[in-house]
Amino acid sequence: EEALKTALHEYRDSLDERALRRLVTHWSMVERWGERHNLTAIRDPERAAWVHYRDSIEPLRVTRTGPWADMGSGAGFPGLPMAILHPETSVTLIEPRRKRASFLKTVVAELELPHVRVLESRSNEPAPSLFGAVVTRATFSNAADLKQLLEWCEPGGQVIALRSEPTGALGSRVYSYDVQHERRVMEVWVRPTLAAGQGLPNLRS
């Protein structure tokens, strides 16, 4: 608990007691389910507070507009920490692997997060709805795959990728930050807005 308070000190205005309890409960569930479902290699709570939780809320610096989607959510990073700090924002955790999706559903029910849902799906499947932002963390290595996530965004919506290095692709904006003295980058693409009467472009062309 103290490790989370320290790691998330910049966001202390959003970190009330209920949010802190939810974060602690989430981590305890990650630990319990971790070995069976290969959720994380990190076991040290202090390290996790920074590498998982502090890293996960970096997108809040550039987006405030929901709904949000977490593509390839895995153990719930970054989507669950974002949802816990902004509990009124609709968040969809998208995970293709059934066991991990089941874990996420269990966590959402345990934490009583009514605005969070879990979708068992893949990025190349049709989006059930469009989002203000799609976030992803260490899921896609190819810039083209990241840009395809714009198909899940509403016009003006963002794809936000948390990475160790930028892809080097044109059309993105890169923000650098540090997590425990380790350099990280947040790479952002924006879906073009539409002129009146214009349909959504096919981004696969």
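This talk walks through one predicted model, from its sheet to its cores and its aromatic pairs.

A word on the ground rules. Residues are numbered from 1 along each chain as its sequence is written. Because the model is predicted, local features need pLDDT of at least 70 and side-chain atom pairs count only at pLDDT 80 or more, while totals for chains, interfaces and linings use all residues; side-chain values use heavy atoms, with hydrogens and water left out.

I start with the sheet. Helices (H or I, at least four residues) and strands (E, at least two) are DSSP runs, numbered from the N terminus. Two strands pair if DSSP finds at least two bridges between them. Here seven strands make an open sheet with mixed pairing, in the order β3-β2-β1-β4-β5-β7-β6. Which strands stand at the edges? They are β3 (116–119) and β6 (173–179); each has a single partner strand, so one side of each is left without a neighbour in the sheet. From one strand to the next, the twist averages 20°. Angles like this one run from 0 to 180 degrees between N-to-C directions, and the axes are lines fitted to C-alpha atoms, for helices over the stretch in contact.

Strand β1 (residues 68–71) and strand β2 (residues 91–94) run parallel and are joined by four bridges. In that pairing, A69 has T92 of β2 as its bridge partner. On to β2 and β3, which also have four bridges and pair in the parallel sense. There, I94 stands opposite L119 in β3. Between these two strands the chain passes through α5, and this β-α-β crossover is right-handed. Right-handed has a set meaning: with the strands pointing away from the viewer, the path from the first strand over the helix to the second runs clockwise. Helix α5 (residues 98–111) itself lies across β2 and β3, at about 165° to β3.

Next is β5, with a partner on each side that I will take in turn. β4 and β5 run parallel, joined by six bridges. V135 stands opposite I160 in β5. The chain goes from β4 through α6 to β5, again as a right-handed β-α-β crossover. With strand β7 (residues 182–190), β5 pairs in the antiparallel sense over six bridges. In this pairing L162 stands opposite M186 in β7.

How many of the eleven residues of β5 are buried? Eight are, so the strand is mostly covered, where buried means under 20% relative accessible area, exposed over 50%, and partly exposed in between (1.4 Å probe, protein chains only). Q158 is buried, with a relative accessible area of 13%. Contact means heavy atoms within 4.5 Å. Not counting residues up to four places away in sequence, Q158 touches several residues, including V62, T63, G132 and W189. The C-alpha atoms of Q158 and W189 are separated by 5.6 Å, although the two are 31 residues apart along the chain.

Now the cores. A nonpolar core is a set of buried Ala, Val, Leu, Ile, Met, Phe, Trp, Tyr and Cys residues joined through side-chain atoms within 4.5 Å. In soluble globular proteins, nonpolar side chains tend to be buried together. The largest core here has 47 residues, and L93 and F103 touch the most other members. Helix α2 gives the most to this core, with seven residues. Leaving aside neighbours within four places in sequence, F103 is in contact with M29, V30, W33, L39, G74 and A75. There is also a second, separate core of 15 residues, which includes M71, L119, L149 and V159.

Last, the aromatic pairs. Rings of Phe, Tyr and Trp (its six-membered ring) pair if their centres lie within 6.5 Å; planes under 30 degrees apart count as stacked, over 60 as edge-to-face and the rest as tilted. The structure holds four such pairs. One is W27 with Y53, edge-to-face, at 6.4 Å centre to centre and 80° between the planes. This pair links distant parts of the chain: W27 is in helix α2 (residues 17–37) and Y53 in helix α3 (residues 45–56), 26 residues apart. Both are buried, W27 at 8% relative accessible area and Y53 at 1%. Another pair is F131 with W152: the ring centres are 6.5 Å apart and the planes at 20°, so the pair is stacked. F131 is in strand β4 (residues 131–137), and W152 is in the loop between α6 (143–148) and β5 (153–163). F131 is buried at 2% relative accessible area, and W152 is buried at 1%. Finally, W27, Y53 and F77 form one aromatic cluster.
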